[in-house]
Each structure stands twice: as C-alpha cells, then as structure tokens.
Amino acid sequence: MPINKYFLSALSAFIIWGFFSLALKPLTNYASLDILFFRVFIATAFLLGINLLFRKPVVLEAKKTFKELSKKKQKSAVIMTVVGGLLLVLNWFLFIYAVNHVSLQSASFAYIICPILTTVLAFILLKERIDVWQWIAVGLCVISCVILSYGNFKDLIYSVIIALSFGFYLVSQRKNSDFDKFLILTIQMVIASVILVPFYPSFGGAVPTEFQFYFLLFIIVIVFTIIPLFLNLYALKGLNSSTVGILMYTNPLIHFFLAIFYFKESVSVAQIVSYSLILISILVFNMANFRNLSQNRIKKAA
C-alpha cells in the first residue's frame with residue numbers, strides 16, 4: 001500500500017487522537033458518563049445540522065443508492081452501521097473512564113493491544129493478506145505488550161475490552177463501504193444518542209454551568225471526534241484494516257510521551273523498552289511504504 005491520501009488520512013486521525021488527553025484531563029472532576037452523554041449529544045446535533053442544511057443532495061443520493069441495493073446488502077449495511085454506533089459508545093465510555101479514573105498510561109495500553117487485535121481480526125474475518133515483515137512487526141508488538149502487562153494483569157483485561165471494541169469497529173466499517181462516510185458517521189452518532197438518551201435521566205448528573213466544560217466539549221466534539229472519525233472512515237475506503245491498525249500505534253506513542261513529559265506520570269525501564277519496540281514495529285510494518293516512497297522520489301528526480 002503506497003503512502004497516499006488514505007494512508008495520510010489514517011495517520012492524521014491517530015495523531016489527532018493522540019492529543020485527546022489535553023482536552024480530556026481538565027474535565028477530570030466531571031463524571032465519565034456526563035462527558036460521554038454531552039460528547040455524543042453535541043456531536044449528533046452538529047452532524048445532523050451539517051447534513052440537513054448543507055448536504056441534502058448527498059443524503060438523497062445515499063437514499064437512492066440504498067434502495068438500489070439488494071435486500072442482502074441493505075441488511076448488511078444496516079447491521080454494520082448499527083454495530084458501529086454501539087461499538088463507538090462502548091469504546092468512548094471505557095476510554096474516558098480510563099483516562100480520568102485509572103491513568104493515561106492504562107488507556108494508552110488499550111491502544112497498544114488494539115492494532116494487534118485489529119490485524120488478527122482482519123486476517124481472520126476479512127482474509128486480508130499480511131506479509132512476512134508485517135507479521136514480524138506484529139510479533140514485536142506482542143512482545144512489547146507482554147512486557148507492559150507484567151504485574152498488571154487486571155489492567156490488561158480492561159484494556160483488551162477497550163481494544164476489542166475499537167478493533168471490531170474498524171473491521172466492521174471496512175465492510176461498510178457503499179455510502180458517504182460523513183453520512184455514515186452521522187447515522188452512527190444518531191444511533192449512539194438513541195442508545196444513551198434513556199440512561200441520561202437516571203445516570204446523568206446536574207447540567208454543568210461552567211464555561212470551561214462546554215468550551216472543552218466543543219473542542220472534543222469537533223477536533224477529537226468528528227474530524228478524526230471522518231478521516232478514519234475515509235481511510236478505510238483505500239487501506240486494509242491491518243494497515244490502519246498498525247498506524248494506530250502513533251496514538252499510544254503520543255499518549256506515552258504526554259504522560260511522561262506533560263502530565264509527569266512515572267515511567268519504568270520496561271515501559272521505555274516496550275514503547276521503543278512499538279516504534280520499531282511501526283517502521284517495520286511500513287517498510288514497503290517507505291521503499292515505494294523512496295523509489296518514487298528517485299524516479300521523479302531522474
């Protein structure tokens with residue numbers, strides 16, 4: 001897979017998500033469910049407004065396309081979209097809880113496991129090919145996870161659940177490719193809102209009145225939700241799930257450096273070794289991409 005617009009879209013999405021904690025950490029005093037409720041509700045309203053006001057032709061075209069599909073494909077599209085909305089809600093809640101009530105490094109660990117699981121899921125469920133160098137990269141990632149999980153088995157179990165939720169999301173959306181990705185994202189946010197609305201009266205706290213809460217929520221919705229999710233869904237049109245999964249490692253790497261240098265969390269030698277292996281694995285997994293890029297530059301120079 002060459003380094004193209006799909007590759008850069010996926011990479012950009014995970015770089016953006018890597019800085020998510022900068023907006024999330026200041027909201028530590030708010031309940032994780034409240035942050036989730038408002039994130040989903042505001043994102044849904046924003047996306048619906050954009051589609052209904054500025055993208056009516058796209059919506060009508062999608063409706064026409066859906067009617068032209070066979071019953072089997074219609075059913076598949078509906079299932080994949082609904083499943084995507086469910087997985088996003090689960091993943092977001094677990095991630096917010098981990099960042100604000102466990103540790104930033106524990107949340108990062110979930111996204112260290114996620115690329116491995118996504119690669120294996122894509123290999124098993126989508127029959128995506130993985131070459132020898134990519135399997136070596138996966139092996140390096142497994143070694144790094146074993147090192148990090150030593151003595152933290154409970155955190156590992158929690159992280160696996162977060163990782164599986166996003167891994168299945170990536171794989172499911174890889175198959176859901178017949179419609180406009182921005183519209184798919186909007187529908188998934190509507191589904192997420194429908195799921196959460198019944199729980200809000202019982203589990204939601206008092207409505208926040210602080211300006212900081214809504215200012216940071218606006219940043220979270222636009223910068224850390226809509227933009228990277230759209231880039232991620234767009235990337236899946238041109239990249240296989242395993243490549244997107246490995247690029248995901250840029251996310252925990254950024255989290256790790258923020259945890260150390262910005263949030264001043266303690267770090268062990270084992271963590272330094274593990275994250276170094278992760279960085280090497282990213283380079284190894286994308287060796288073919290780097291070779292293609294180098295060859296293209298040589299051809300252009302000639």
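**Reading a cavity and a helix pair**

Modeller: Let's start inside: Phe14, Trp17, Phe20, Arg39, Asn91, Trp92, Phe95, Tyr111, Phe166, Met248, Asn251 and His255 line the largest cavity. This is a predicted model, where local features need pLDDT of at least 70 and side-chain atom pairs 80 or more, while totals for chains, interfaces and linings use all residues. Residues count from 1 along each chain as its sequence is written, and side-chain values use heavy atoms, leaving out hydrogens and water.

Biologist: How many cavities of 30 Å³ or more does the search find?

Modeller: Rolling a probe the size of a water molecule over the atoms shows where empty space is left. Here, the whole structure has one cavity of 30 Å³ or more (on a 1 Å grid over protein atoms alone, points where a 1.4 Å probe fits but cannot get out; lining residues have an atom within 4 Å of a point).

Biologist: Which helix gives the most to the lining?

Modeller: H5 does, with three residues. Helices H1 (5–18), H5 (71–101) and H13 (250–261) each supply at least two (a helix is a DSSP run of H or I, at least four residues).

Biologist: At what angle do H7 and H14 cross?

Modeller: Two packed helices are described by the angle and the distance between their axes. The axes of H7 (132–149) and H14 (269–285) come within 8 Å and cross at roughly 165° (lines fitted to C-alpha atoms over the stretch in contact, angles 0 to 180 degrees between N-to-C directions). That makes H7 roughly antiparallel to H14 (over 145 degrees). The contact (heavy atoms within 4.5 Å) includes Trp133 and Leu140 of H7 and Tyr275 and Phe285 of H14.

Terms used
Angles under 35 degrees count as roughly parallel, over 145 as roughly antiparallel, 65 to 115 as roughly perpendicular and the rest as oblique. On a 1 Å grid over the protein atoms alone, a cavity is a set of points where a 1.4 Å probe fits but cannot get out, and a pocket is an open set with protein on both sides within 12 Å along at least five of seven lines; lining residues have an atom within 4 Å of a point. Grid points are joined across faces, edges and corners, and a volume is the space filled by probe spheres set on the points.
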